[in-house]
Amino acid sequence: MALEWEQVVVDSVDPVALGQWWAAALGWVVVHSSAEEFEIRPEPDRLPGLLFGRDEGSKTVKNRLHLDLRPDDQDAEVTRLVAHGARRVDIGQGDQPWVVLADPEGNEFCVLGRRRQ
């Protein structure tokens, strides 16, 4: 049996706006755009991607699934993402080596520190 991971689907009130935010944040390309769905990938033919689908309900609880991003420079990346519209959030993580941020619709993600050798 062959199984390929195609994408992560993110429910969104405004799929185009949120998808564009993530495309700019990650430096990914848009591979599909409509009022109902917006898909981005690292490169046009590279998987997995992120698909933002319309859902009129607003987010009310902590994500059960989130992205962990590992930059070369955590402080610089957190500063860049906050300037881009992310916000710092406290989900009860306490003092950790990662920073928890939320995108414009409140979806949490983590910006990790340098990988230990």
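Contact here means heavy atoms within 4.5 Å. This is a predicted model: local features need pLDDT of at least 70, side-chain atom pairs count only at pLDDT 80 or more, and totals for chains, interfaces and linings use all residues. Residues are numbered from 1 along each chain as its sequence is written, and side-chain values use heavy atoms, with hydrogens and water left out. Helices (H or I, at least four residues) and strands (E, at least two) are DSSP runs, numbered from the N terminus.

**Pro 15**
- Pro 15 lies in helix 1.
- Pro 15 is buried, with a relative accessible area of 0%. Buried means under 20% relative accessible area, exposed over 50%, partly exposed in between (1.4 Å probe, protein chains only).
- Beyond its neighbours within four places in sequence, Pro 15 is in contact with Ala 35, Glu 36, Phe 38, Phe 52, Gly 53 and Arg 54.

**Helix 1**
- Helix 1 covers residues 15-26 and has 12 residues.
- From first C-alpha to last, helix 1 reaches 16 Å, close to the 16 Å expected. That expected span is 1.5 Å times one less than the number of residues.
- Its buried residues include Leu 18, Trp 21 and Trp 22.
- Packing partners of the buried residues of helix 1 include strand 1 (7-12), strand 4 (49-54) and helix 2 (74-83).

**Strand 1**
- Side chains alternate along strand 1. Val 8, Val 10 and Ser 12 point to one face and are buried.
- Strand 1 runs parallel to strand 4, joined by 6 bridges. Two strands pair if DSSP finds at least two bridges between them.
- Val 10 stands opposite Phe 52 in strand 4.
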